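Me: I have a structure open and want to go through its ligand sites. Can you walk me through them?

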Amino acid sequence: MPTKIEKDSISGQETTGHEWDGIKELNTPLPRWWLYTFYACIAFSLVYVILYPAIPSFSSHTPGVLGYNSRVELEGQLAEARARQAESWDAIAAAELSEIRSNADNLTFALAGGAAAFADNCAPCHGQGGAGRPGFPVLADDAWIWGGSLDDIHITLLHGIRNGGDEARDSEMPAYADILEPEQIEAVADYVLSLSGAEHDGTSAAAGQEVYAENCAACHGDAGEGLRELGGPRLNDQIWLYGGSRDEIVSQIRQPRLGVMPGWQERLDASTIKMLTVYVHSLGGGEE
Ligand code: HEC
Ligand code: HEC
């Protein structure tokens, strides 16, 4: 194809000399501003590649003459944060539980650490924020089976409940399916319902009163007020571990569930357990 550069008569611009079927191509140069921006980008990237980590290779990358590395920077920041926290951890380790609660710095640190450890270790059973689930007591109220003082909670956490450990909190409600007649179980269930003012059969409950006094009062208290030394839950309130319907109560009397909680002494460090204690105590029902 012959190339013939000429001026386009309409636009006054030069053509490239390319022509197809009478259509000629104008030679339109790139706008200056675009071209210089492009060159600037190339210059910038060259400088960047020289200064900073840039070109990957199989096992590493070019380090750049400044020696900057975001990973090294992050590690520095983490070490700094750890050093700052170390002071708080030491303070928790040295403090009595009551001193953690009375010192504002300790308390803030313990509540934050306790909340994090609770979400990881306890929430699967006790629910977010200790809201409880059937079989797993609410920890955010003031009804305590084993006790709600800092020391009570601490002991519960260290050793757990009914897990076979030597120091675990322990007590077993007998399975009354093997001990009492079915009518006696029905009767005592009605009596239990009557303790909290729930709907019940009055005649049956009257018959159940004696069964209760003989079999149940030792662990649950004469009036169903509960007995912390034996972990017998209070029965004269509306709070139920396993449900307060007649069927659920009969089922618990026939075959108690005997809930188990692991001890945390072997799993968590002493300071974390202290922080958890203070956190649980703070949830709403902490006792002196
Ligand atoms: C595997 C399930 C499970 C896990 C995990 C668990 N618990 Fe428990 N926890 C229970 C059960 C079940 C009970 C009630 C046992 C009983 O007395 O019948 C209980 C009882 C308690 C009590 C006694 C409540 C009272 O009224 O006296 C406290 C306090 C407690 N848990 C705190 C915690 C904390 C804090 C954690 C996390 C470190 C935790 N639990 C993890 C199952 C669990
Ligand atoms: C040796 C002590 C002991 C004796 C005796 C005992 N209990 Fe219990 N009871 C417990 C314990 C401990 C629990 C909670 C533990 C579990 O099963 O997880 C419990 C739980 C219950 C619950 C469930 C409470 C809830 O909040 O859901 C009911 C209802 C109950 N007992 C009724 C009775 C009745 C009725 C008797 C007598 C026939 C009786 N208990 C005898 C220790 C005892």
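**Two iron sites**

Me: Which protein atoms hold the iron atom of ligand 2?
Reply: This is a predicted model, to start with. The protein donors of that iron are Met173 (SD) and His220 (NE2), lying 2.0 to 2.1 Å from it.

Me: What arrangement do the six donor atoms make around the iron atom of ligand 2?
Reply: Octahedral, because the six donors subtend angles of 88 to 178°.

Me: Where do Met173 and His220 lie in the chain?
Reply: Met173 is in the loop between α6 (150-159) and α7 (182-195). His220 is in helix α9.

Me: Is His220 buried or exposed?
Reply: His220 counts as buried, because its relative accessibility is 10% and the cut-off is under 20%.

Me: And Met173, buried or partly exposed?
Reply: Partly exposed. Met173 has a relative accessible area of 23%.

Me: How many residues surround ligand 2, and which are the closest?
Reply: There are 25 residues around ligand 2. The closest are Met173, Cys216, Cys219, His220 and Tyr242.

Me: Which polar side-chain atoms meet an oxygen atom of ligand 2?
Reply: Gln252 has one, 3.0 Å from an oxygen atom of ligand 2. Tyr242 also has a side-chain N or O atom, 2.5 Å from an oxygen atom of the ligand. From the backbone, an N or O atom of Leu258 lies 2.9 Å from an oxygen atom of ligand 2.

Me: Which elements give two or more residues to that shell?
Reply: α9 (217-220) and α10 (246-254) do, around ligand 2. α10 gives the most, with three residues.

Me: How does the shell around ligand 2 split by class?
Reply: It has 16 nonpolar, six polar and three charged residues.

Me: Switching to ligand 1. What are the protein donors of its iron atom?
Reply: His126 (NE2) and Met261 (SD), lying 2.0 Å from the iron atom of ligand 1.

Me: What is the arrangement around the iron atom of ligand 1?
Reply: Octahedral again. The six donor atoms subtend angles of 88 to 179°, which makes it so.

Me: Which parts of the chain does the pair His126 and Met261 tie together?
Reply: His126 lies in helix α5 (residues 123-126). Met261 is in the loop between α10 and α11 (270-282). So the pair ties together parts that are 135 residues apart in sequence.

Me: Are His126 and Met261 buried or exposed?
Reply: Both are buried.

Me: Which residues come nearest to ligand 1?
Reply: Cys122, Cys125, His126, Ile145 and Met261, of the 24 residues around it.

Me: What about polar contacts there?
Reply: A polar backbone atom of Trp146 is 2.8 Å from an oxygen atom of ligand 1. A polar side-chain atom of Arg162 lies 3.2 Å from an oxygen atom of ligand 1. The elements giving two or more residues to the shell are α5, α6 and α11.

Me: And the classes around ligand 1?
Reply: The shell has 18 nonpolar, five polar and one charged residues.

Me: Last topic. Where does Ser204 lie, and what does it touch?
Reply: Ser204 lies in helix α8 (residues 202-215). Not counting residues up to four places away in sequence, Ser204 touches Glu186, Ala187 and Asp190.

Me: Is Ser204 buried or exposed?
Reply: Ser204 counts as buried, because its relative accessibility is 17% and the cut-off is under 20%.

Notes. Residues are numbered from 1 along each chain as its sequence is written. Chains are lettered from A and ligands numbered from 1 in the order in which they are written. This is a predicted model: local features need pLDDT of at least 70, side-chain atom pairs count only at pLDDT 80 or more; totals for chains, interfaces and linings use all residues. Side-chain values use heavy atoms; hydrogens and water are left out. A residue is near a molecule or strand if one of its heavy atoms lies within 4 Å of it. A polar contact is a pair of N or O atoms within 3.5 Å; within protein, one must be able to donate a hydrogen and the other to accept it, and residues adjacent in sequence count only if both atoms are side-chain atoms. Helices (H or I, at least four residues) and strands (E, at least two) are DSSP runs, numbered from the N terminus. Ala, Val, Leu, Ile, Met, Phe, Trp, Tyr, Cys and Pro count as nonpolar, Asp, Glu, Lys and Arg as charged, and the others, Gly among them, as polar. Donors are N, O and S atoms within 2.8 Å of the metal (3.2 Å for Na, K and Ca); water is not among the atoms, so sites may look incomplete. Four donors count as tetrahedral if all angles lie between 85 and 135 degrees; four count as square planar and six as octahedral if opposite donors are over 155 degrees apart and all others between 65 and 115; anything else is irregular. Buried means under 20% relative accessible area, exposed over 50%, partly exposed in between (1.4 Å probe, protein chains only). Contact means heavy atoms within 4.5 Å.
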